Amino acid sequence: MPETAAHTSAEPFIDFTRSIPPMPAIFQARLSRSLAKLAGEENIDLLARTAISGGGMMDREAGARWLAPRFGSSITADRIAVTNGTQSAVLLLLEALVGADGLLLAESLSWGVIREVARRAHVRIKGLPIDDDGIIPETFEEACRNERPKALYCNPTDQNPTTAIMPEGRRRAIVEIARRYGVTIIEDDAIGRLHPEAPLPIATIAPEITWYVMGLTKCIAHGLRLAYIVGPSPAATERVMGPARRLSFWAPTSLTAAIASRWINDGTADEICTAIREENAKREELASSFLSDTDLVSKPGAMHVWLRLGTEHDRHGFAATLKEQQVLVRPAELFAVDDVPLPNAVRLSLSSPLDRNDVERGLRIIAANLKQPQGF
Ligand SMILES: Cc1ncc(COP(=O)(O)O)c(C=O)c1O
């Protein structure tokens, strides 16, 4: 049975702020083996000689293989571009699909960097209200009618930070509205491979208007990050990514891509992803158990959980008190895409401590603090 590595952290803090995956026990052995094999390959020097923006054919084909279980069917490599991560993928998509001064809609609480990526692409960003199932179709439609957005960035599967998994019916409703108002969808499925029970991606319902992105940061390792973009068609992928090919800032590093592609082809990527999924499940069970009498929003196997606080706790004071006790959490501000009022909540990334015992210790401290009303 897969386990996490027997690392014990020398860190003074129990850090629940970074949403990077746990490190499976098999990881070190698999990486050493792959590096040794790679070192013995005949053209290793040529492999390292260059990096290809959009990825080489082998890497795009490996991407298609990796994404097929998520799509529930095969996809062709000519729709895929490989980038060095989701951030550069989304930056390129925003520049090409939204453009300067165009409006991007997003969940009002979202991936912590999306606001900054939008700013760098010179696009305006506006948050949409969300409920426990994600974006609310009625308010999405209202925004489409009144604000004429060019695109919607969304994270429908195990949403960061609220853990919402958008049900299939809602995905279809969002698609129907997007089609009617001519809005392009950028679907970030960062955690999709870790939730095989989740509905199929929006990209399978509306491939003609959806740009799908999945990085390896969450399901393999942050240090081996690269991301696959799937465009609506080979021609669309070429039209959007082609003009950026001479720019190398988004090219996947050849050695990283070589390891990722070999791992996908020989089953190692599946093995690591399964180990991460199993460890996430154990940690989420701990959170659900220690915080059972709180307003915790979570899903089985979730990598992070969303803790809604009552009026007796203010999220900033709560985070500061925890920090004094060596536990780090992120208040709602860090996920805001614009300046609207925020819920009184914090995100706990259960996956970042290397040692599961630290997760348990941190959760005990959080549970104990929730029982102590803050004096304010
Ligand atoms: C919603 C979301 N998308 C993507 C990523 C990964 O980004 P990258 O591929 O640039 O490491 C993360 C995690 O950091 C995330 O939370």
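How far does a polar side-chain atom of R225 lie from an oxygen atom of the ligand? In this predicted model, the distance is 2.6 Å. R225 is one of the residues around the ligand.

Q87 uses its backbone, with a polar atom 3.1 Å from a ligand oxygen. The ligand has 400 Å² of accessible area on its own, and the protein covers 91% of that.

Now take the surroundings as a whole.

Next, the aromatic rings. A pair of aromatic rings is described by two quantities, the distance of the centres and the angle of the planes. Here the count comes to four aromatic pairs. One of them joins F27 and W263. Their ring centres are 5.5 Å apart, and the planes stand at 90 degrees. Planes over 60 degrees apart count as edge-to-face, so the F27 and W263 pair is edge-to-face.

Where do F27 and W263 lie? F27 is in helix α1, residues 26–39. W263 is in helix α10, residues 254–266. The pair therefore ties together parts that are 236 residues apart in sequence.

Key. Residues numbered from 1 in each chain as written. Predicted model: local features only at pLDDT ≥ 70, side-chain atom pairs only at ≥ 80, totals over all residues. Heavy atoms only, no water. Near = heavy atom within 4 Å. Polar contact = N/O pair within 3.5 Å; in protein donor to acceptor, adjacent residues only side chain to side chain. Areas by Shrake-Rupley, 256 points an atom, 1.4 Å probe, with all protein chains shown as cover. Phe/Tyr/Trp six-rings, centres within 6.5 Å; stacked < 30°, edge-to-face > 60°. Helix = DSSP H or I, 4+ residues; strand = E, 2+ residues; numbered from the N terminus.
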